[in-house]
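Please have the sequence and the structure at hand while reading.

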Amino acid sequence: MEAQALFVADDGAAPNVPPAEIERPADPQLLDAYSRTVVDVVERVGPSVASVAVTRQGRDRMGRPRRLEGAGSGFAFTPDGYLLTNSHVVSGASQIGVSLPDGRQFDAQLIGDDPDTDLAVIRVGAHDLPTVVLGSSRTLRVGQIAVAIGNPLGFQNTVTAGVISALGRSLRAQTGRLMDDVIQTDAALNPGNSGGPLVNSASQVIGVNTAVIPGAQSICFATGIDTARWVVGQLLAHGRVRRAWIGVGGTTVPLPRRLQRALAIEQASAIRVSEVQKDSPAHVAGLEDGDFIIGIDGKPLAGIDELLRLLDATRIDRLCVLRVVRGARLLHLTLTPQERRG
């Protein structure tokens, strides 16, 4: 067979290659790999994701008593009946019902909820629930795969997939409280997804889906699972989260290298202060917007999640020292955290 010569035009045009012989990207193989990842996540996590139906007592416009019904999602994290969901899904409910994908239905009891992080723990009378594996939100990277499973608008076991869009966001809950260290994702969420899991490609839960911005496209939020772990421990032990409060809102950000070098700071990230509430302990101590908090009581703080965990009941009414970077200066501010009320 006579060999076919390939020529390149003098003007730099593409070689004269027959279309059938052009090597194309293996799109089907790439799509297959992505699909297999999502399918595997759904098969492993899906059986643990429940539909949560709630009934509340309310009043109509005439002031007459009426039943208000709502719905959300949740997921089992222990085989003996404990599920994690959102505070705004179950708070104030007079009756909570849980339905699993295998058809089982239960009445649920509220163990405790924490509006500050929009998290709640409920329990059903079962001892053989399929459970999720809890991962870590501390090691997340922007761009990695995120899969959301829930019951949006009453459609049970709905799956959406996307990526982690941003980390360390601050978001106000429906109660007006500021939630910190929130994960932003473009995995589509709708009413009813609240309380469902956000899952990584290894089928580990990395967040609890909590909110969307009405009118926005592909801007959805989840509470990080590291925060959820701490809150669950508090709720199981006390039925509520008793925590210290200093009146600061902030986000986890990389610490500028020039500051690391100039001030001999080893950690690569810190908390950038975005809000200091008036008359709060932080305000009295002199903390300002734009400051970087890098430590408390000699312990380094690489992010807002660590600060939230350290501001527990042991620091209420106890003098603390914040290590702060302002401009090119290293400051030590003393304050006395108060107990968070309401």
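Which residues does T85 touch, leaving aside those up to four places away in sequence? In this predicted model, T85 touches S73, G74, V90, D118, L119, A120, I122, S194, G195 and V208.

**The protein as a whole**

- The protein is built with six helices and 21 strands.
- Of its 342 residues, 46% are buried.
- Taking contacts between residues at least 6 apart in sequence, 60% join residues at least 24 apart.
- The accessible surface amounts to about 17700 Å², and carbon and sulfur atoms account for 51% of that surface.

- T85 belongs to strand β3, which covers residues 82–85.
- The relative accessible area of T85 is 0%, so this residue counts as buried, the limit being under 20%.
- The side chain of T85 reaches the backbone oxygen of S73 at a distance of 2.6 Å, and S73 is also among the residues that T85 touches.

**Strand β12 and its partners**

- Strand β11 (residues 197–199) runs antiparallel to β12, and three bridges join the two.
- V199 has V205 of β12 as its bridge partner.
- β11 and β12 form a hairpin with four residues between the strands, and S203 in this hairpin takes a positive phi near 65 degrees.
- Strand β13 (residues 220–224) also runs antiparallel to β12, with five bridges joining them.
- In the pairing with β13, the bridge partner of N209 is A222.

**Cysteines**

- A disulfide is a covalent bond between the sulfur atoms of two cysteines.
- How many disulfides does the count come to? The count comes to zero.
- C220 has a relative accessibility of 5% and therefore counts as buried.
- C320 is likewise buried, at 0% relative accessibility.
- As to their positions, C220 falls within β13, which covers residues 220–224, and C320 within β19, which covers residues 320–326.

**Salt bridges**

- Side chains of opposite charge can pair when their charged atoms come close.
- A search of the whole structure finds 13 salt bridges, including those described below.
- E339 and R242 form a salt bridge in which the closest N and O atoms are 3.2 Å apart.
- This pair links distant parts of the chain, 97 residues apart: E339 is in strand β21 (residues 338–339), while R242 is in the loop between α3 (225–238) and β14 (244–245).
- E339 counts as buried at 15% relative accessibility, whereas R242 counts as partly exposed at 31%.
- E288 and R326 meet through their side chains in a salt bridge, at 3.7 Å from N to O.
- E288 lies in the loop between α5 (281–285) and β17 (292–296) and R326 lies in strand β19, so the pair ties together parts that are 38 residues apart in sequence.
- E288 is partly exposed, with a relative accessible area of 41%, whereas R326 is buried at 18% relative accessibility.
- The side chains of R318 and D297 meet in a further salt bridge, at 3.0 Å from N to O.
- R318 lies in the loop between α6 (304–310) and β19 and D297 in the loop between β17 and β18 (299–300), so this pair ties together parts that are 21 residues apart in sequence.
- R318 is partly exposed, with a relative accessible area of 36%, and D297 is also partly exposed, at 28%.
- Which residues are linked with R104 in a network of salt bridges? D102 and D128 are linked with R104 in this network.

Notes:
Residues numbered from 1 in each chain as written. Predicted model: local features only at pLDDT ≥ 70, side-chain atom pairs only at ≥ 80, totals over all residues. Heavy atoms only, no water. Buried < 20%, exposed > 50% of the residue type's maximum accessible area, 1.4 Å probe, protein only. Contact = heavy atoms within 4.5 Å. Areas by Shrake-Rupley, 256 points an atom, 1.4 Å probe, with all protein chains shown as cover. Polar contact = N/O pair within 3.5 Å; in protein donor to acceptor, adjacent residues only side chain to side chain. Disulfide = S-S within 2.5 Å. Pairing = 2+ DSSP bridges. Salt bridge = Lys/Arg side-chain N within 4 Å of Asp/Glu carboxyl O.
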